[in-house]
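Hi everyone, thanks for coming.

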Amino acid sequence: MLIKEVPRIKPNTRNLANYVLRKASKISGNIPVDTANLNESAKAIELDFNSRLTDRQKSNEMHYIVSFEELHKDISDDKLMRIGNELIERHFGDNRNFLIAIHRDTNNPHLHLVMENRDFDNKPFYKKDNYRGLESLAQKLEKKYSLKNGQISESRNDPNPTRLNYSAKQYENRTGQESDEKKYKNELKSILSNSKTPEALFQALNEEGYTIRANKSKTDPARLSGYYISKGSTSIKPSSIGFQMSKLIEKYKFDEKGIAELILRYESPLPPDELGEISSSPGPDPKPQPNRRESLYTKFQTSDGVNYTSKNEKYKTGFTVNANSVSFTNPNEMSIKAGIQALIEQGSKGPFYLTGSEDFKRKTWLVSAMMGLEISNYQPTKTDLSALFERVKANQEKYPKTKIKLLETHLDALKKEGLEIDTMLETPLSFSSLFTNEPNQTNKQPENNEEIEMKNNNTKPAPITKQPQKSRADLLFDDMDTDSKLLKSINKQKDKTLSGLPDLNPIKPDWS
């Protein structure tokens, strides 16, 4: 039995409830449902949940999926319902609104648990080590109900499970794609299992393009306190995959001195500093006000307003802000973005002129494209455009306005390479109509909860100020349902799940 929380990227309780109810073979819980009118029931669930939302909350729902290894014929609806009710009662508490739905539209049966975050005492759900608690309860329920666990037990018994940092988890939840960190960690675990000697291990790391760096003890420079591994821009802590010195000593029966000597022998030489510069013509007055939430201020530090260094010591990157130019040492995408922000504060809006290696120009072009800015002396390759296309898909919910500007700027180049954004948006709209905003066009948006309540009470709404009209692109980005991406994300991770889940058919907004 596998219990998985489904993150809500763009909360839409009505769509979630409608999907869960429509596909269900059996429904249980303490939420009233009119099976003859599921759409109205889903609407009522959303209104009820949202009525207890606080200002800080974006969503008042929780969504979990419980998958089983049993075939459909091997487990009854009644047994599935007993398991679902006991899981909610013992872990989440049944003093909250909850809905249990059995789905049998995949190779194996699975449950959808939709619950209100706040209980009947208005307390939000919180459990320390929530994941571990669910895993422990899952094993107890497997034993009690004699459930199969052959597939999931392999990952449970892994002595060194792959642990991802917060940013990698966020990336995978947002995009449904495997992060570089996860990819490299799985590669490293495979190298470790296939290496018969510690020397073969470090040699294989070098051959596969991994960089090894020794950490020398601060109290005794002749002794190593550890080491770290990196590939590309991804730094990997050995202890997160059972690669630390103590584990290598235990696995290969080597002493600490022998492992330390191998680390120093295979340590990669420090690369020479990479340099680069971004310049532009002077910007007009007045200069824009500084935005203290930008990377320039949150990720970098300066004592004179000219020389900036990263607040994170592991990044040896920095830059110097001059009049109408920024010069970089060991630039990465974050420092390039911060440097461009410094130029924008001087009033410059580009186009920018680049001096440096092709790799620096490529990275700067990609960063500037994501910011909706232009580079005057770099022609993007097909690989660059593909990278840009992937960034658009990964971040379209987070930065819709930036993405619209980006598409306007680079649309023709993307189309020439066959990277049709239309397929990403899953809409037949033409590009010309997507970005035009005709003055007399009226955008009919779905009614919100407040408007519905006013209609029911025959109350006239308060006067509102006229807001700028949204383009059709704005509306698409605002209203696109992302449940399909979440389910596709689970499909892509079949190695960790018992069976895939069907594609979600999102409810289209009613524009009439």
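I'll start with the overall picture, then go to the cores, a set of strands, and the model's confidence.

A word on ground rules: this is a predicted model, where local features need pLDDT of at least 70, side-chain atom pairs count only at pLDDT 80 or more, and totals for chains, interfaces and linings use all residues. Residues are numbered from 1 along each chain as its sequence is written, and side-chain values use heavy atoms, with hydrogens and water left out.

So, what is the protein built from? It has 20 helices and 14 strands; these are DSSP runs, H or I of at least four residues for helices and E of at least two for strands, numbered from the N terminus. Of its 512 residues, 44% are buried, meaning under 20% relative accessible area with a 1.4 Å probe, protein chains only. Now take contacts, that is, heavy atoms within 4.5 Å. Among those with a separation of 6 or more, 65% link residues 24 or more positions apart.

Let's go inside. A nonpolar core here is a set of buried Ala, Val, Leu, Ile, Met, Phe, Trp, Tyr and Cys residues joined through side-chain atoms within 4.5 Å. The largest one has 27 residues, and Ile278, Phe319 and Trp365 touch the most other members. Several elements each supply at least two residues to this core, including strands S12 (318–322) and S13 (325–329) and helix H13 (358–370). H13 gives the most, with six residues. Apart from this core lies another, of 26 residues, among them Ile3, Phe68, Leu87 and Leu111.

Strands count as paired if DSSP finds at least two bridges between them. S11 (residues 307–310) and S12 run antiparallel, joined by three bridges, and Tyr308 stands opposite Phe319. S12 also pairs with S13, again antiparallel, over five bridges; there, Gly318 has Thr329 as its bridge partner. Two residues sit between the strands of the S12 and S13 hairpin, where Asn324 takes a positive phi near 70 degrees.

Finally, how confident is the predictor? pLDDT is its confidence in each residue, from 0 to 100. The protein averages 77, and 72% of the residues score at least 70. Over residues 421–467, though, pLDDT stays under 50, and it also stays under 50 over residues 470–487. Where pLDDT is low, the predicted coordinates should not be read in detail.

How values were computed:
Buried < 20%, exposed > 50% of the residue type's maximum accessible area, 1.4 Å probe, protein only. pLDDT = per-residue confidence, 0-100.
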